[in-house]
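Here are my notes on this one, as promised.

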Amino acid sequence: MTSAAPTEALSPDAAPPPSTRPLIELRDVTRILSGVVDTTLVRDIDLCIDRGEFVAVTGPSGSGKSSLLYLLGLLDLPTSGDVLIDGRSTTDMDEAERARTRLAMLGFVFQFHFLLPEFTALGNVMIPMRKLGRLPERQMRQRATEILLSLGLDGQVDKRPEQLSGGQRQRVAIARALANDPPVILADEPTGSLDSKSSTQVFDILQSLVDTQGRTVITVTHDPVAAARCRRRIHLVDGRMVSDEKV
Amino acid sequence: MNLVLDIALTHILGRLRQTLVSVVGVALGVGFTVAMSALMVGSQNDFVTQLIDAIPHVNLTDEQRDAKPQPAAAAFAAVEIHGLRPSEDRRGLRNPAEVIAIVRGIVPGGRVAASLIGQGVARYGGTDIAMSLTGIDPRAELQVTKIGEDIREGSLEALAGAQDAIVIGDAAARKLGARLGDTISVSTSKGLLKRFKIVGLFHSGVTASDEGAAFVLLKSAQILFDRANAVNQVKIKVPDIDQARAVATRIEREIGTKATSWEEAHESLLSSFQIRNVIMYTVVGAILLVAGFGIYNIVSTIVHEKARDIAILKSLGFAEGDMRAIFVIEGVIIGVLGALAGSALGFALTELLGLVKFEIKGGAVEITRLPLYRSWVHYAIAGGFAIVSAAVAGYLPARKAAKVKPVDIIRGAT
């Protein structure tokens with residue numbers, strides 16, 4: 001297990017430069033799904049992830065990989081413990097503030113593309129930008145087009161999701177995750193429903209996000225080949241972190 | 001375009017047919033509300049106007065609201081007096097000239113007509129009919145009633161200066177078999193009989209009056225009823241109709257006999273208008289409520305169908321408030337479209353009703369149109385109600401959409 005570099009260790013009066021603070025930190029996070037029988041999704045996870053890391057979360061099915069990712073991505077709230085993004089606790093944020101953090105800091109890629117069927121590729125990529133509303137319309141359009149082109153989607157910009165192939169859709173989904181230039185990309189089995197050629201392509205893109213753009217990519221995968229390409233591998237069994245190796 | 005609005009539009013355009021059905025539902029509600037309001041308020045106003053035009057605003061009679069106390073009761077300090085023969089009081093408003101002067105003093109600018117009403121029997125060629133005989137001053141009477149408009153043959157003015165002239169209802173003339181120019185005889189309970197020449201026939205549409213009312217000069221009536229210089233009714237038109245009640249109260253206080261305003265005389269009628277309005281707004285409310293259910297239904301369907309999109313939008317960083325806004329806007333869009341279409345429909349229906357002609361048969365054929373009252377207030381009320389109910393109908397499923405947990409949906413999909 002990585003020993004977390006807790007923020008408390010830093011001098012409280014001197015605000016630490018952002019780069020020295022872990023980007024995402026999990027402190028003793030446990031998530032229990034209450035029901036007739038309580039199900040423990042993840043238990044006692046302590047984890048620090050820094051900028052520029054390429055992390056694979058592996059484990060058998062039902063081991064809590066995706067649950068961990070959802071907790072990292074503020075889609076779910078821990079039953080106990082805390083998730084800190086850029087040094088800020090998220091458990092005491094209100095719902096709107098967590099949504100805003102997701103919008104600006106985190107980009108999601110799921111196993112299924114989850115594009116909105118009524119919008120074009122460009123329209124889908126522009127949705128998070130329009131929600132954030134930081135850029136004027138024309139610049140949004142320009143930036144969205146650039147991202148799509150950089151992912152090899154020239155000529156597909158104005159097509160609707162149903163007119164695109166599976167690999168293309170997944171690349172549009174990645175473009176959408178990148179829309180607001182978030183430091184973290186969270187991917188949940190991004191290649192799970194793709195053929196091997198498209199899988200390789202998508203993984204190449206994820207790798208380049210880390211290598212050339214300095215983003216943090218955390219991906220859940222059960223594909224050992226893909227996992228092997230990541231520089232840090234976290235292995236979960238029954239909701240507990242059993243190994244955390246860095247290459 | 002605003003992103004939330006954009007997404008809301010794609011949702012309802014994706015269910016165009018169902019959206020249109022919902023819009024039509026709201027439009028029907030709004031349209032019928034507008035048309036019905038125009039008709040209801042129109043007919044009500046028409047009725048009141050006709051009523052106000054036809055009747056005196058304040059009617060002063062020689063009656064008392066309570067029986068006069070007997071002089072004996074004042075003379076003896078007794079608790080109760082039995083077997084008292086009431087002193088006979090000369091009926092009628094004494095000194096009509098003074099009464100009229102007082103009334104004119106109370107209602108400056110008002111129109112006043114004094115008359116004497118009594119019962120008599122008209123006879124012509126062996127046929128007898130009971131008549132309510134009114135002695136009038138024709139010129140003053142024309143100013144306070146609509147009898148002038150009801151004259152079918154001859155004229156009311158022909159009464160002026162003619163002591164032996166009479167104007168009777170057309171049905172009464174038919175019953176008697178008399179025509180304009182014929183001479184009928186009228187007798188009263190005083191045993192007096194006088195012959196009158198028919199100088200006018202009227203048709204008021206009120207059967208009781210057409211069959212049994214007659215007008216003669218006040219002087220002639222005073223002779224027939226043996227009540228020289230007496231009147232028992234003073235009809236007053238006030239310049240401001242809303243003052244009628246106050247004027248009636250004042251006149252009654254100053255003169256001491258009963259004065260009724262038109263509102264008091266038709267109290268039950270006016271309250272029936274309120275009941276009619278309550279019924280109308282209940283029916284219209286029910287239509288709009290059903291339309292609201294239609295909107296609730298479509299927005300609920302969309303929320304259910306778009307659960308995946310809701311999940312993904314939330315994972316992208318949409319907050320619960322944004323999700324609520326999307327679905328409330330969907331309801332409101334349908335409501336606004338429905339209100340607009342309904343306003344057009346309501347306008348068309350109103351104009352269509354305006355084209356309807358009625359033939360009312362009664363003596364002569366009258367052609368009437370439906371009375372309509374067109375007001376933007378009706379559009380505002382119906383449209384406003386539709387939009388508010390649409391927003392509520394959208395809000396209920398929207399609340400559900402806001403509570404969607406993205407994790408549940410995404411987990412289910414993978």
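This is a predicted model: local features need pLDDT of at least 70, side-chain atom pairs count only at pLDDT 80 or more; totals for chains, interfaces and linings use all residues.

1. Let's begin with a single side chain: is Y296(B) buried, partly exposed or exposed? Y296(B) comes out as partly exposed, because its relative accessible area is 35% and the middle class covers whatever falls between the 20% and 50% cut-offs. The residue sits in helix α12 of chain B.

2. Y296(B) also belongs to a nonpolar surface patch, together with L289(B), F293(B), V388(B), V392(B), Y395(B) and L396(B). Between them these side chains carry about 680 Å² of accessible area. Two helices of chain B, α12 (267-305) and α15 (376-402), each give two or more residues to the patch. α15(B) makes the largest contribution, with four residues.

3. Now the contact between the chains. How much area is buried between chain A and chain B? The figure is about 2400 Å², and carbon and sulfur atoms account for 65% of it. On the chain A side, F114(A), R130(A) and K131(A) stand out: they supply 24% of the area that chain A buries against chain B, more than any other three residues. In terms of residues, 25 from chain A and 26 from chain B take part in the contact.

4. One to look at on screen joins the side chains of K306(B) and E118(A), at 2.4 Å from N to O. As for which elements of chain A touch chain B, α1 (65-72), α2 (95-105) and α3 (121-132) each bring at least two residues. The largest share comes from α2(A), with five residues. Polar contacts across the interface amount to five residue pairs, counting those where both residues have pLDDT of 80 or more.

5. Inside chain A, have a look at T216(A), in strand β8 (residues 216-220). Why does T216(A) count as buried? Its relative accessibility is 0%, and the class takes in anything under 20%. A polar atom of the T216(A) side chain lies 3.1 Å from the backbone oxygen of D50(A). Beyond sequence neighbours within four places, the contacts of T216(A) include L23(A), the run I49(A), D50(A), R51(A), G52(A) and E53(A), and also P183(A), V184(A) and I185(A).

6. D44(A), in strand β2 (residues 39-49), has a positive phi, near 50°, without being a glycine. D238(A) is likewise not a glycine and has a positive phi of about 50°, but its place is the loop between β9 (232-237) and β10 (240-246) of chain A. Which class does each side fall into? D44(A) is partly exposed, because its relative accessible area is 33%, whereas D238(A) counts as exposed because its value is 62%.

7. Last, S185(B), which is part of strand β6 (residues 183-188) of chain B. S185(B) is classed as buried because its relative accessible area is 11%, under the 20% limit. Which residues does S185(B) touch, leaving aside neighbours within four places in sequence? They are V121(B), A122(B) and R123(B), along with L193(B), K194(B) and R195(B).

Technical notes: Residues are numbered from 1 along each chain as its sequence is written. Chains are lettered from A and ligands numbered from 1 in the order in which they are written. Side-chain values use heavy atoms; hydrogens and water are left out. Patches are made of residues with over 30% relative accessible area and no salt bridge: like charges are joined within 9 Å, nonpolar side chains (Val, Leu, Ile, Met, Phe, Trp, Tyr) within 5 Å. Accessible areas come from the Shrake-Rupley method with a 1.4 Å probe; for residues, only the protein chains shown count as cover. A salt bridge is a side-chain nitrogen of Lys or Arg within 4 Å of a carboxyl oxygen of Asp or Glu. Buried means under 20% relative accessible area, exposed over 50%, partly exposed in between (1.4 Å probe, protein chains only). Contact means heavy atoms within 4.5 Å. Buried area is the accessible area (1.4 Å probe) that two parts lose on being put together, summed over both. A polar contact is a pair of N or O atoms within 3.5 Å; within protein, one must be able to donate a hydrogen and the other to accept it, and residues adjacent in sequence count only if both atoms are side-chain atoms.
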